[in-house]
Amino acid sequence: MNPNQPKPLDERVITEAIADRYFAKFKSCLDLDVAIVGGGPSGLTAAWKLASEGFNVGLFERKLSLGGGMWGGGMTWNMVVVQEESRHILEEAGVPVELYRDGYYTADAVTCTTTLASRACVAGAKVFNCTTVEDVCIREEAGGKRVTGLVINSSPVEMAGLHIDPVVLGSKCLIEATGHATEVLKTLVRKNDVRLNTPSGGIEGEQSMWAERAETTTVDNTREVFPGMWVAGMAANATYGSYRMGPIFGGMLLSGLKVAEEIAKQLRG
Ligand code: 48F
């Protein structure tokens, strides 16, 4: 018998391969360096950069597809705008960027989304799509409470409203990158008697459109908002009470870069 002859396909082996490989990936995330909630532009940039530095990174996205609000540009016109300060991130990722005029650059939204997603995956971030983060894990430490992990469930379980318990993964750092909704941080605040690193100690809430201000503050507001938990992207502005910016994405990319750099510094001690 020719050993190179392909064997007949056995569906059970296909099933076994998927289960073995999936759970090997899952178990390698029991103790993450960094858990990222949300696969929009800020989360993807952070995942790409942190995984490239060799950290054990898990990215959790509720939807089947990564990309968040980047696919559709503005109002489904699938082009995005970035500024001079951030275009190097797209260029480094391999996205063609075109000068429009005076410091305004454009890029194809689908190319941006697919390229950033690919960068994150190929760099080694372990992506769990169709997975909803419904809570965090919290512990008392000498200096007070700290977020030590995340509580996840299958998105179809959430969508069907099934009463099925979630499971838990540990993380040294958790990045809240869920965009305008700031979902995970809201849960932390609602369930626990905690004070955030914000002026009021709570979530300040997002303000209306002011692109110039919002683009700068998104990056300034990218910080550790609670021990073990960071905010990035639009969630950073919603947390610290700044403005929205619409379909200009430079701030999202720079925020992802900043959170990655600051977490890398903290983890390296
Ligand atoms: O909203 P999103 O793209 O976040 P971002 O990185 O970028 C914001 C921009 O797209 C745009 C903007 C820029 O001008 O204002 O809105 O801040 O992506 C957030 C992702 O998080 C997922 C959600 O499906 C989306 O893909 N997400 C939200 N809540 C959860 C979640 C959750 N609880 N668990 C898992 N994923």
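1. The model is predicted: local features need pLDDT of at least 70, side-chain atom pairs count only at pLDDT 80 or more, and totals for chains, interfaces and linings use all residues. Residues are numbered from 1 along each chain as its sequence is written, and side-chain values use heavy atoms, with hydrogens and water left out.

2. There are 27 residues around the ligand, and those that come nearest are Ser42, Glu61, Gly69, Met234 and Gly246. A residue is near a molecule or strand if one of its heavy atoms lies within 4 Å of it.

3. An open antiparallel sheet is formed by 3 strands in the order E3-E5-E4. Strands E3 (79–83) and E4 (98–101) are at the edges with a single partner strand each, so one side of each has no neighbour in the sheet. Neighbouring strands are turned by 40° against each other on average, direction ignored. Helices (H or I, at least four residues) and strands (E, at least two) are DSSP runs numbered from the N terminus, and two strands pair if DSSP finds at least two bridges between them.

4. Strand E5 (residues 104–108) pairs with E3 over 5 bridges in the antiparallel sense, and 3 bridges join E4 to E5, also antiparallel. Tyr105 in E5 is the bridge partner of Val82 and of Leu99. E4 and E5 form a hairpin with 2 residues between them, and Asp102 in the turn has a positive phi of about 30°.

5. Which strands does helix H4 (residues 109–123) touch? H4 packs on the sheet against E3 and E5, its direction making about 75° with that of E5. Axes are lines fitted to C-alpha atoms, for helices over the stretch in contact, and angles run from 0 to 180 degrees between N-to-C directions. Thr115 lies in H4 and is buried, at 17% relative accessible area; buried means under 20%, exposed over 50%, and partly exposed in between (1.4 Å probe, protein chains only). Beyond residues up to four places away in sequence, Thr115 touches Ala93, Gly94 and Val95, contact meaning heavy atoms within 4.5 Å.

6. Thr218, in helix H7 (residues 211–220), is buried with a relative accessible area of 0%. Its side chain reaches the backbone oxygen of Ala214 at 2.7 Å. Leaving out residues up to four places away in sequence, the residues that Thr218 touches include Gly233, Asn237, Met245 and Ser255.

7. Arg244, in strand E13 (residues 243–244), is partly exposed, with a relative accessible area of 35%. The C-alpha atoms of Arg244 and Ala211 are separated by 6.5 Å, although the residues are 33 apart along the chain. Apart from neighbours within four places in sequence, contacts of Arg244 include His180, Glu206, Trp210, Ala214 and Met234.

Key
Polar contact = N/O pair within 3.5 Å; in protein donor to acceptor, adjacent residues only side chain to side chain.
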